[in-house]
Amino acid sequence: MKNLIFYYSAMKGAKSMLLIQRAYNYNENGKKILVMKPAKDTKDDHYLISRNGSKREVDVLLGEKERLISEQYIDKLLETDVILVDEAQFLSSLQVEELWKISKAYDKDVMCYGLRTNFKGELFEGSKRLMELSDSIRELDTINLCLCGNQAQFNARLENGNFTYEGEEVAIDGANQQIEYQPLCGRCYLQKVFVKMRR
Ligand SMILES: [Zn+2]
């Protein structure tokens, strides 16, 4: 039986770099892999580009309403050995359920890389279902640090340079000039963001 695995970290945690590296290693070993990304992540279009400059084309850019176990994708899925998904927090619950079915019924390894929580410290839809269904949930041992030097766990949003607790769940940095993200540890998130909204 194959596994569905969820690897998570805060933002800037080198997830794309690790995914690209893993894809490369599988290719070297003669495995067929399929790299997917939800289209909701509009950054870099059909590519995964990591902060260290490595790049890989995405095989499937999955629309929000698209189904995986469908005429469009089923052949591609059946001929692959391993499925790698970046920005997996943006998957719908249904799409996560399909990935789980694919690992169990079609005997494919599925590895999802993504964020655990949004800028409000709440689970994303995709991350929630992944937490519920994955055979294994692993926090990536990453290099993303808080401003204070502790390991970052939260993704704080800055709007025009100020920490904010307002706004839509998805606002891609770079696409919107005023929006940036800062990984923070629990204590700094509490002091800089959480106290603001719980006043
Ligand atoms: Zn901190």
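Predicted model: local features only at pLDDT ≥ 70, side-chain atom pairs only at ≥ 80, totals over all residues.
Residues are numbered from 1 along each chain as its sequence is written.

The protein is divided into domain 1 (4–139) and domain 2 (154–197), with bounds that come from an automatic or database domain assignment. The C-alpha centres of domain 1 and domain 2 are 24 Å apart. Across the boundary, 13 residues of domain 1 are in contact with 13 residues of domain 2; two residues are in contact if their C-beta atoms, placed from the backbone, lie within 7 Å. On the domain 1 side, the touching residues comprise four nonpolar, four polar and five charged. Here Ala, Val, Leu, Ile, Met, Phe, Trp, Tyr, Cys and Pro count as nonpolar, Asp, Glu, Lys and Arg as charged, and the others, Gly among them, as polar.

The largest nonpolar core contains 43 residues, and Met36 and Cys112 have the most contacts inside it. Because domain 1 (4–139) and domain 2 (154–197) both give residues to this core, it lies between them. A nonpolar core is a set of buried Ala, Val, Leu, Ile, Met, Phe, Trp, Tyr and Cys residues joined through C-beta atoms within 7 Å. A residue is buried if 20 or more other C-beta atoms lie within 10 Å of its own, exposed if 12 or fewer, and partly exposed in between, with C-beta atoms placed from the backbone. Not counting residues up to four places away in sequence, Met36 touches Val58, Asp59, Val60, Leu62, Ile83 and Val85.

Helices (H or I, at least four residues) and strands (E, at least two) are DSSP runs, numbered from the N terminus, and two strands pair if DSSP finds at least two bridges between them. Strand S2 (residues 33–38) pairs with strand S6 (residues 82–85) in the parallel sense over four bridges, and Val35 stands opposite Leu84 in S6. S6 also pairs with strand S7 (residues 109–114) in the parallel sense, over four bridges, with Val82 opposite Asp109 in S7.

Phe124 is found in the loop between S7 and helix H4 (125–133). Phe124 counts as buried because it has 21 C-beta neighbours inside 10 Å. Its contacts, not counting residues up to four places away in sequence, are Gln89, Leu115, Thr117 and Asn118.

Another three strands form an open antiparallel sheet in the order S10-S9-S11. Strand S10 (162–164) and strand S11 (179–184) stand at the edges with a single partner strand each, so one side of each is left without a neighbour in the sheet. Neighbouring strands of this sheet are turned by 45° against each other on average, direction ignored. Axes are lines fitted to C-alpha atoms, for helices over the stretch in contact, and angles run from 0 to 180 degrees between N-to-C directions.

Strand S9 (residues 154–159) is joined to S11 by six bridges; Ala156 has Gln182 as its bridge partner in S11, and Arg157 stands opposite Tyr181. Three bridges join S9 to S10, where the partner of Leu158 is Phe163. The hairpin of S9 and S10 has two residues between the strands, and Asn160 takes a positive phi near 50° there. Helix H5 (residues 186–197) lies across S9, S10 and S11 and runs at about 30° to S9.
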